[in-house]
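The structure comes before the notes.

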Amino acid sequence: MVRWIFKNKPTFVPQRIDMAQNLVIVESPAKAKTIEKFLGAGYQVASSFGHIADLPSRTLGIDVEGDFTPQYKVSADKKAVVAKLKELADKAQTVWLASDEDREGEAISWHLAETLQLDPSKTKRIVFNSITQSAILKAIEQPRSIDYHLVNAQQARRVLDRIVGYELSPVLWKKIKPGLSAGRVQSVAVRLIVERERAIERFITEASFKVQAWFKTDAGPGFEAKLGKSFPDEAAAHAFLSLNQQADFSVETLDKKPAKKSPSAPFTTSTLQQEASRKLGFSVSRTMQVAQRLYEAGLITYMRTDSVNLSAEAIQGAQKAIEQQFGTSYFHKRTFNTKSKGAQEAHEAIRPTDMGQSQVSAERDQQRLYELIWKRTLASQMADAQLERTTAKIIASTHQEVFTAQGEMILFDGFLKVYLEGVDDQDPEEQEGMLPTLVVGAPLTLTKMHATERYSRPPYRYSEATLVKQLEELGIGRPSTYAPTISTIQNRGYVEKGSVDGAERPYRQLVLNSKGLTAATLTEKTGSDKGKLVPTDIGMIVNDFLMNHFEQIMDYHFTAKVEAEFDEIALGSVDWKSVMRQFYDNFHPNVANVEATADRASGERILGTDPVSGRPVLVRLGRFGPMVQIGHADDEEKPVFASLLSDQSLGTITFEEAMKLFELPRTLGQYQGDTLLANVGRFGPYIKYGEQFVSLDPGQSAMEITLDEAIALVERKKSADAPIAQYDSYPVTKGVGRFGPFIKWNGLFINVPKKYDFEALSSGDIEELIEDKKKKESEKVVQNWAQEGIRIEKARWGRHTLMQGKLKIELDKSVDVSAMTLAEAQNLIEKKAPKKAAKKPAAKKSTSKTKK
């Protein structure tokens with residue numbers, strides 16, 4: 001047993017022991033590096049680089065006919081890691097499993113114990129929610145065994161999600177389109193977004209006129225008041241404003257009430273994701289990446305949690321920081337209750353490990369997120385803000401309507417001195433200001449009055465942050481699943497971030513002031529979806545198919561019920577395999593029935609009839625995306641197709657818009673002897689110039705681009721493609737791709753690291769980049785038969801690839817590539833190369849019908 005010498009907390013000093021007597025295994029190298037600083041020479045900290053074992057990638061890997069035992073395998077890229085850890089563990093006297101304290105971390109420790117065949121008598125499990133010296137050494141003083149209830153809860157989640165995805169996805173491939181996927185949580189998240197979009201489409205906008213008035217007192221200060229009713233049309237609004245032209249105004253009543261604002265609880269995973277989106281503009285995945293780095297550096301506590309508790313140590317640290325900076329009157333000790341029944345991911349909220357440290361020396365994103373966490377934690381232990389809220393009722397001498405003015409005064413700022421939580425989709429007209437000193441019965445002077453046409457608003461589209469909030473409220477998913485879910489539905493193409501800034505919309509405004517009553521037409525921007533989550537056509541089609549055939553999987557209450565069952569498994573109240581059996585016996589027969597009987601789904605919608613051919617015009621999902629089609633596949637005359645534009649969808653496109661697409665490709669004119677064509681392809685709108693293709697800029701349309709705009713794009717492309725140098729008689733060009741800046745030489749694409757000035761690459765830089773790339777490429781080649789154009793290269797994860805032209809064949813790791821002969825390589829290529837289909841004889845056209 002390890003002994004410790006205690007002096008003054010939080011500094012613990014382990015007794016001196018022999019090298020490699022203790023092995024500590026964590027998930028990440030960054031975490032290992034931080035922990036290593038706190039332990040003595042007798043400790044070696046190693047990383048497992050995440051999970052070392054998982055379900056197989058090409059098979060289900062679950063005994064669904066038996067007891068649902070998973071068939072875990074060590075992936076090829078982890079075999080070297082496992083071998084190294086096994087070697088270290090065999091030499092160590094004690095192995096400390098120090099993966100994260102949530103269910104996934106517990107499963108990682110279990111996999112390590114099983115895969116490395118660790119002796120239970122010399123294996124200890126330790127957990128901590130912050131990577132600090134006191135937390136690490138305290139954990140070592142309080143080791144425990146692996147919690148198999150937590151392991152089983154994680155296994156249940158992994159197995160159920162694998163079954164749902166593995167069985168549903170092939171049905172989608174068969175009934176909709178190859179390459180699609182479904183998942184227990186991701187499909188429900190898409191449903192939320194699709195239903196919100198359809199609510200927006202169904203929404204009928206109504207206009208009305210709202211009245212605002214600006215008054216001032218005899219002392220001079222002005223303020224705003226609003227009328228409690230609106231008017232249905234301009235005529236009614238005009239009539240009302242006319243009544244106020246000769247009116248006298250006064251304060252009828254004045255109501256003052258004390259009020260207070262209390263701080264929000266410290267951050268959980270979901271509230272951190274929401275607030276980082278509002279205040280910092282971070283995506284959910286970006287927030288978690290930055291928080292992970294802060295945690296691994298020992299700056300914040302564990303970032304996957306649904307607890308709002310703070311430790312006594314944290315509260316004491318907050319008290320000290322508050323009293324030092326603001327005084328004792330600003331401190332107020334608070335405890336918060338976790339609302340989530342299944343709160344289990346950690347035992348404490350996300351907070352700084354040192355409350356006295358308000359800033360950190362790190363990259364910009366880490367600094368900003370850390371400051372947000374520090375302020376939120378500090379504010380949670382500060383006094384309420386004391387306010388005085390005032391409501392004034394204002395009457396006129398010429399009518400019975402009443403204006404209302406509201407304002408508030410801060411008497412004591414309390415926690416507002418540090419932090420105020422953001423609000424999603426707030427209407428700026430609802431914000432309150434300050435009121436001047438008012439007296440009941442005192443006369444007021446009207447400075448101006450507006451009657452402004454306002455339109456009712458449809459529901460707001462979800463942002464990443466508001467979607468996380470909705471998922472949490474419905475009990476769907478857990479802190480560790482929010483970010484992967486949102487990333488997955490975007491990567492799968494079911495949802496995309498909106499890019500439309502909005503369109504100008506006219507509205508009317510009546511103005512009454514000292515010059516009289518006037519009317520004007522103004523404009524406002526409406527319909528912006530920038531940054532919001534918008535379902536794609538394929539997302540809607542998949543959602544509708546799943547809703548029609550797998551209602552249980554798509555049911556919000558079912559998904560929340562499954563999460564609750566995982567919580568019960570984690571507590572040891574329920575056997576996880578019985579939960580799997582109950583689910584599978586209901587789910588699997590339904591999958592088989594749908595696969596056998598359901599019709600294909602393509603989102604097909606008939607728009608009208610082609611006036612030239614008389615054939616139907618329809619829109620549907622095609623192989624390369626949404627398209628409009630004239631005619632059917634079984635017609636004597638082949639159908640004609642056109643791709644939808646990026647801002648068009650199957651559900652909303654009109655007949656006129658669809659027919660206009662057949663005007664593509666548009667001939668724009670001549671440029672340097674070549675015809676410029678504008679068209680839309682599978683990768684978006686483009687200009688065709690000779691044999692080259694030039695993508696249009698965001699916001700440009702193939703239907704509207706002019707010849708001059710197209711020439712500008714072509715010139716820019718030619719300039720970008722022009723050689724910047726020559727090296728070994730080959731030109732060097734440069735560009736920016738999806739992975740950043742690069743140069744191209746002799747068919748090689750070479751990434752340019754940040755240490756180089758991409759805009760001013762010297763000849764030395766170019767030579768260095770090319771020679772480094774050549775060296776790496778040569779090291780990749782194991783065998784090369786240049787005359788036949790065949791070679792074998794090293795691939796990822798210790799594998800090799802046999803290549804000829806564009807054909808690539810992944811070789812099994814058991815193949816001895818160094819001994820492979822040319823004949824063997826050619827034989828393998830012949831077997832794997834796609835066979836060319838023989839041409840069918842042309843069918844004779846029937847002469848019994850007259851072609852239209």
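I count two strands as paired if DSSP finds at least two bridges between them. Helices (H or I, at least four residues) and strands (E, at least two) are DSSP runs, numbered from the N terminus. The model is predicted, so I note that local features need pLDDT of at least 70 and side-chain atom pairs count only at pLDDT 80 or more, while totals for chains, interfaces and linings use all residues. Residues are numbered from 1 along each chain as its sequence is written, and side-chain values use heavy atoms, with hydrogens and water left out.

**Entry 1: two hairpins**

I looked up strand β21 (residues 666–671) and found it antiparallel to strand β22 (residues 674–681), with five bridges between them. R666 has A678 of β22 opposite. Two residues lie between these strands in the hairpin, and Q672 there has a positive phi near 50°.

I then followed β22 onward. Its pairing with strand β23 (residues 684–689) is antiparallel and has six bridges. L677 has K688 in β23 as its bridge partner. The hairpin from β22 to β23 also runs through two residues.

**Entry 2: a sheet and a helix on it**

Next I traced an open sheet of four strands, in the order β29-β30-β31-β32, with antiparallel pairing. Which strands are at the edges? They are β29 (781–785) and β32 (807–811), each of which pairs on one side only. From one strand to the next the twist averages 15°. Angles here run from 0 to 180 degrees between N-to-C directions, and axes are lines fitted to C-alpha atoms, for helices over the stretch in contact.

Contact means heavy atoms within 4.5 Å.

**Entry 3: two helices**

Two packed helices are described by the angle between their axes and the distance between the axes. For helix α6 (residues 186–202) and helix α12 (residues 464–474), I noted axes that come within 11 Å and cross at roughly 115°.

Which residues meet? From α6 they are A189, L192 and I193, and from α12 they are L467, Q470, L471 and L474.
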